Amino acid sequence: MGLFEKRRARKFFIYVQDYDEKDPKSHEGLDLSKVTAREIISKYGLEDDTIDFIGHALALHNDDDYLDQPAIDFVKRIKLYAESLARFQGGSPYIYPLYGLGELPQAFARLSAVYGGTYMLNKPECKVEFDGSGKAIGVTSAGETAKCKKVVCDPSYLSEKVKKVGKVTRAVCIMSHPIPDTNDAHSVQIILPQKQLGRKSDMYLFCCSYAHNVAPKGKYIAFVSAEAETDNPEEELKPGIELLGPTDEIFYHSYDTYVPTNIQEEDNCFISATYDATTHFESTVVDVLDMYTKITGKTLDLSVDLSAASAAAEN
C-alpha cells in the first residue's frame, strides 16, 4: 500500500473496530443490514488490492459475491479476525493442534467416552436403517445394528439424500525447507484471491512441519487446494505450487463435493457438507454449528462456551 492508501485503510479499520451493533453512535449513519459491502468500501475509497486482501484474507470470503450483500456479515467477520489475532500471543488468529488435526476428533472421542459414548471402529459397509415412516432407527454393519433416534453422518453414507455441488482439487506436497519468503515460518496460510488468478474462486495454501509433530525432522508438508474449474489439477494448482520452491514429492487428489437435500425433521438424518477447498475451516465450523442447532434445537454461543471451557481447563 502507498501512504495515502494506508491512511484510508486505517480509517476503515478504526470504523470496524469501533462498530457496535447496539450503539448507533458507532454506525456513522450507516445501516449495515441495508448498505452493501461494496458501498461501505466505496465510502473509504479503498483500492482493489486492499479490497482483495480484506475480503479474502481477513473476512475469509471465498469469492466476490459478498460485495453486493449486506455489509453486516462482512464487518463482523473482520472484527472476529481482529479479536482472534489478539486472543493468543504469537501474531496469528489461528491455533493448530500438535500431531495434526486428528487430535481434534481424538479429544471429542475422549470426552464422549466420559459421557457414556460407545465406539465401534473400522466397521465395514455401514447402512442406515429406516422404519416404515422413513425415519432413521439405526445403523447396521457386519450383521450388527446399533439402535438410535438420530443419525449424523457425512454424504458418503446417504448418497440418495445429497446432491453434487462442485469438485475440489488438492495437492499434498512434501518438502525439506520452509516456504520461501515467509521468514522460515513452520506454519503458513496463503490465500490467493480469485481476481488475481483469473479464477471464479480462491486458491488456498497451508503448510505445517515437523515442529507440529506431523512430519519427520526437517520435513514440511504443504497443501494447495481450490475449487476445480478444469480437469487438469496439475495446471490448475500451478500458481500455488510455484510459491513452494523445490518439492520432494507431490500427490494430487480430486473429489466431488455434496450438500444434503433431505428434510431432517422427516428422516432424523443430519448430513454434513463435504469439506471444501478452504484451509482455515471457517465453512466447516459454520456447518457444524448449524448441524448442532438442528439436532439439539439450541444455539451454541461460542464466546460463552469457549470461555467456560478455558476456565475449566485452567482449573
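**Close-up 1. His 56 is buried, with a relative accessible area of 1%.** Buried here means under 20% relative accessible area, exposed means over 50%, and partly exposed sits in between (1.4 Å probe, protein chains only). This is a predicted model, where local features need pLDDT of at least 70, side-chain atom pairs count only at pLDDT 80 or more, and totals for chains, interfaces and linings use all residues. Residues are numbered from 1 along each chain as its sequence is written, and side-chain values use heavy atoms, with hydrogens and water left out. You'll find His 56 in helix α3 (residues 48-58); helices (H or I, at least four residues) and strands (E, at least two) are DSSP runs, numbered from the N terminus.

**Close-up 2. Tyr 15 and Tyr 44 make a tilted aromatic pair.** Rings of Phe, Tyr and Trp (its six-membered ring) pair if their centres lie within 6.5 Å; planes under 30 degrees apart are stacked, over 60 edge-to-face, and the rest tilted. By this rule the count is 10 aromatic pairs. For Tyr 15 and Tyr 44, it's 5.9 Å centre to centre and 40° between the planes. Tyr 15 lies in helix α1 (residues 3-18) and Tyr 44 in helix α2 (residues 37-44), so the pair ties together parts 29 residues apart in sequence. Both Tyr 15 and Tyr 44 are buried.

Close-up 3. Tyr 210 is partly exposed at 23% relative accessibility, while Tyr 220 is buried at 6%.
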